[in-house]
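Trainee: I am new to this structure. Please pick one part and take me through it closely. Then show me what lies around it.

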Amino acid sequence: MAFERRLKKRGWEPTIVAFPGYGLAGKDGPGWVRVLGRVLLARPGKGKPRKRAKKIRGWRSFATLSVMDAPVVVEVNGVRHEATADRGGFIDMTCPSDLPAGLCSVRIGVEGAEPVEAPVHIVDPAVTFGILSDIDDTVMVTSLPRPLRAGWNTFMLDEFARASVPGMSVLYERLTNAHPGAPVIYLSTGSWNVAPTLTRFMSRHLYPAGPMLLTDWGPTKDSWFRSGRAHKRATLNRLAEEFPNVKWLLIGDDGQHDPAIYAEFATSHPANVAAIAIRRLSPTQSVLAGALPSLSELPQASGPADRRLLSAPDGAGLAGLMREAGLL
C-alpha cells in the first residue's frame, strides 16, 4: 500500500479494466449479473484509447501494477452495489439485476478514476443451448504443446502475429446464427493479464464476442503455480449451477486436458451437455504435449454416439459433424 501511495504521488492514477460479463434475466423475479474487471495503476494518458492500432509485445500485458483491496462501486441499471477488489486488483461479483435479455452494460467505478462501462450478455431464461470454448489451440494457434514456442508466443509476439485455427470463426458464427441468444463463453487457463489482447484478437478474426473466464497469474497460498484443470472444473460446475436449463456445446482440443475434463463434466452433469467437440492436433503436437490423445475416455450418450463426441482437425470438419448431429 505504501508503494502504491508513492506511485500516486508521482502522478500515477488508478484505472479500471472492464472484462465482459454475463447474467440471467429474471423470469418470475429479479435476475442476476456477474461483473468482472480489474483495478490497475497507470501513468496519465496510458488508459486512453489509441488513435490507431499499435503492436504490443506479449510481455507488456504482464507489466502491470494492480491495486489491492480497492473499494469499487458497480452500478447495474441505476442501482449501486459495493465491492472490494482482491489482492490482485480483480473484481468478480454477482449481484441482482433487472437488465433485459441481450447485450447490456454495467458501470464500474473506483475513487480517483473515471467510471467505465463493462459489457454483459444477459441470457434469456428460455435459452437452452450455450457454447463454451477453450482458446489456446482451439480458436487461436498458440503451440502450447511446444513449451519453448509457447513462451515465445506468450511473452514476445504481438497479437498481429497470432494465427486463427482454420475454419473456427466461421463455425462459431454459424452456431450463433443457428441458436439465437445462445451465450458464448471462452474458458482458458490463460492469465487475466492477456484478456485485452485476446479480445482484440477475437474481434479481428470475427469470433463472436463473449465473456472470457481466465485465471489470476502468479502463485497461490498453497503452491507456486495455479491449477488449470481445477480452474476449468470449477468453472464448468459453476455454469451448470448458474444455467441449469442450458445444454453446453463444449469445444476444445486434444493437446492438453480438455477431453478428460469435458468427459468428467459430461458424466457428472449429463443434462447440461449437448455435445463435446474436440479439435485434433497433429500426432507430433500430441506427443510433445505429453501423451497421445485419449478420446476414448469420453463417455457415450444413450443416443447416437456422434451426438456426444465430435472430433476433427479444423472448423470445417467439426461443422460437418455438427450438421450431421443436428447442431447446425
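**A helix pair and the sheet beside it**

Mentor: Start with a contact between two helices: R229, K232, R233, L236, N237 and A240 in α5 meet D258, I261, Y262, E264 and F265 in α6. Sorted by type, the residues of this contact are five nonpolar, one polar and five charged. Keep in mind that this is a predicted model.

Now the geometry. Two packed helices are described by the angle between their axes and the distance between the axes. Here the axes of α5 and α6 come within 10 Å, and they cross at roughly 30 degrees. The crossing of α5 with α6 is right-handed.

Look along α6 next. This helix covers residues 258-268, and its buried residues are D258, P259, I261, Y262, A263, F265 and A266. An α-helix has 3.6 residues a turn, so residues three or four places apart point the same way. Which elements do the buried residues of α6 pack against? There are four: β9 (129-133), α5 (228-242), β14 (247-253) and β15 (273-279).

Six strands form it, in the order β13-β12-β9-β14-β15-β16. The sheet is open, and the pairing is parallel. Its edges are β13 (212-215) and β16 (309-312), and each of these two pairs on one side only. On average, neighbouring strands are turned by 15 degrees against each other, direction ignored.

Back to α5. This helix lies across β9, β12 (184-191), β13 and β14. Its direction makes an angle of about 155 degrees with β12. Another helix, α8 (residues 315-324), lies across β14, β15 and β16. The angle between α8 and β16 is about 150 degrees.

Go into the sheet now, at β9 and β14. Five bridges join these two strands, which run parallel. L132 stands opposite L250 in β14. What does L132 touch, beyond residues up to four places away in sequence? The list is I185, L187, L236, L239, W248, L249, L250, I251 and Y262.

Is I131 buried or exposed? It counts as buried, because its relative accessibility is 1% and the limit for buried is under 20%. Setting aside neighbours within four places in sequence, I131 is in contact with L175, T176, P183, V184, I185, W248, L249 and I251. The chain folds back here: I131 and Y186 are 55 residues apart along the chain, yet their C-alpha atoms are separated by 8.4 Å.

Widen the view to the nonpolar core. The largest one has 59 residues. Those with the most contacts inside it are L132, I135, L249, L250, I251 and M322. β15 gives the most to this core, with six residues. Apart from it lies another core, of 25 residues, among them V35, V72, C104 and V120.

One more stop is H81, in strand β5 (residues 79-84). H81 is buried, because its relative accessible area is 16% and the cut-off is under 20%. Its contacts, neighbours within four places in sequence left out, are V72, V73, V74, V76, M93, C95 and P96. V72 is also among the residues of the 25-residue core.

Then two backbone details. Most residues other than glycine have a negative phi. N77 is not a glycine, yet its phi is positive, about 55 degrees. N77 sits in the loop between β4 (71-76) and β5. L206 is not a glycine either, and its phi is positive too, about 65 degrees. The loop between α4 (195-204) and β13 holds L206. L206 counts as exposed, because its relative accessibility is 65% and exposed means over 50%.

Finish with the whole chain. The protein chain has eight helices and 16 strands. Of its 328 residues, 48% count as buried. Among contacts between residues at least 6 apart in sequence, 71% join residues at least 24 apart.

Key: Residues are numbered from 1 along each chain as its sequence is written. This is a predicted model: local features need pLDDT of at least 70, side-chain atom pairs count only at pLDDT 80 or more; totals for chains, interfaces and linings use all residues. Side-chain values use heavy atoms; hydrogens and water are left out. Buried means under 20% relative accessible area, exposed over 50%, partly exposed in between (1.4 Å probe, protein chains only). Contact means heavy atoms within 4.5 Å. A nonpolar core is a set of buried Ala, Val, Leu, Ile, Met, Phe, Trp, Tyr and Cys residues joined through side-chain atoms within 4.5 Å. Two strands pair if DSSP finds at least two bridges between them. Axes are lines fitted to C-alpha atoms, for helices over the stretch in contact, and angles run from 0 to 180 degrees between N-to-C directions. A crossing is left-handed if the near helix is turned anticlockwise from the far one by less than a right angle, and right-handed if clockwise. Ala, Val, Leu, Ile, Met, Phe, Trp, Tyr, Cys and Pro count as nonpolar, Asp, Glu, Lys and Arg as charged, and the others, Gly among them, as polar.
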